[in-house]
Amino acid sequence: AAHSMTPSIGQGANIGLEDAAEIGYLLRDTLAGDSNKHTISNTIQNFVSIRQERVREIHAASRMQALNKNKKDTTLGSFRKRDPAFFGRLYGWQPLSSVRSSNR
C-alpha cells in the first residue's frame, strides 16, 4: 500500500491489508480469465477507483484525530458525534470484489 497515514486511529496497517485483499480478488478474476476485456492495467485502475473513497475517508479521519490531539477530546468520540455510521464503515469493511464475486 502507498497510503501515508497518521497513527492516530491505528488504521495504517489495516488499510494495507484491505488493499492486499481487494487486489487479490481483482487479480484472481483477471488472471483466471473470467473476463477477456480485463488486463492487468485495467485491473489496477479498477482497484484504484474501488479503494479511493474509503482510503480518503479514513486518511481524513486519522489526520483530523492527529490535529485534535491537543484538544480536550482526544478520543474517537468526536467521530461518533459527527458521523455515527463511521465506525460501521470502518470496522464492517469487506472487499467489494469478493462481494461481487459471491453475487455471480
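Reader: Is the crossing in which α1 passes α2 left-handed or right-handed?
Author: Helices are DSSP runs of H or I, at least four residues, strands are runs of E, at least two, and numbering starts at the N terminus. A crossing is left-handed if the near helix is turned anticlockwise from the far one by less than a right angle, and right-handed if clockwise. Here α1 passes α2 in a crossing that is right-handed.

Reader: What kind of model is this?
Author: Residues are numbered from 1 along each chain as its sequence is written, and side-chain values use heavy atoms, without hydrogens and water. Local features need pLDDT of at least 70, side-chain atom pairs count only at pLDDT 80 or more, and totals for chains, interfaces and linings use all residues; the model is predicted.

Reader: At what angle do the axes of α1 and α2 cross?
Author: Axes are lines fitted to C-alpha atoms, for helices over the stretch in contact, with angles from 0 to 180 degrees between N-to-C directions. Those of α1 (residues 12-31) and α2 (residues 40-67) come within 10 Å. They cross at roughly 155°.

Reader: Which relative direction do α1 and α2 have?
Author: Angles under 35 degrees count as roughly parallel, over 145 as roughly antiparallel, 65 to 115 as roughly perpendicular and the rest as oblique. The axes cross at roughly 155°. The two helices are therefore roughly antiparallel.

Reader: How many charged residues does the contact of α1 with α2 have?
Author: Contact means heavy atoms within 4.5 Å. Among the residues that make it are Ile15, Glu18 and Asp19 of α1, and Phe47, Arg51 and Arg54 of α2. Ala, Val, Leu, Ile, Met, Phe, Trp, Tyr, Cys and Pro count as nonpolar, Asp, Glu, Lys and Arg as charged, and the others, Gly among them, as polar. By class, the contact has eleven nonpolar and three polar residues, and its charged residues number five.

Reader: Is serine 62 buried or exposed?
Author: Serine 62 sits in helix α2. Beyond neighbours within four places in sequence, serine 62 contacts Met5, Thr6, Pro7, Ser8 and Ile9. Buried means under 20% relative accessible area, exposed over 50%, and partly exposed in between, with a 1.4 Å probe and protein chains only. At 0% relative accessibility, serine 62 is therefore buried.

Reader: What is the relative accessibility of leucine 67?
Author: Leucine 67 is also a residue of helix α2. Its C-alpha atom lies 9.1 Å from that of serine 8, 59 residues away along the chain. Leucine 67 counts as exposed because its relative accessibility is 57%.

Reader: What C-alpha distance separates asparagine 46 and isoleucine 23?
Author: Asparagine 46 is in helix α2. With a relative accessible area of 25%, asparagine 46 is partly exposed. Asparagine 46 and isoleucine 23 are 23 residues apart in sequence, and their C-alpha atoms are separated by 9.3 Å.

Reader: Which residues does arginine 89 touch, not counting those up to four places away in sequence?
Author: Arginine 89 belongs to helix α4 (residues 86-91). At 31% relative accessibility, arginine 89 is partly exposed. Its C-alpha atom is 9.6 Å from that of isoleucine 58. Arginine 89 touches Arg54, Glu57 and Asp83.

Reader: What percentage of the residues in the protein is buried?
Author: The protein has five helices and zero strands. There are 104 residues, and the buried ones make up 31%.
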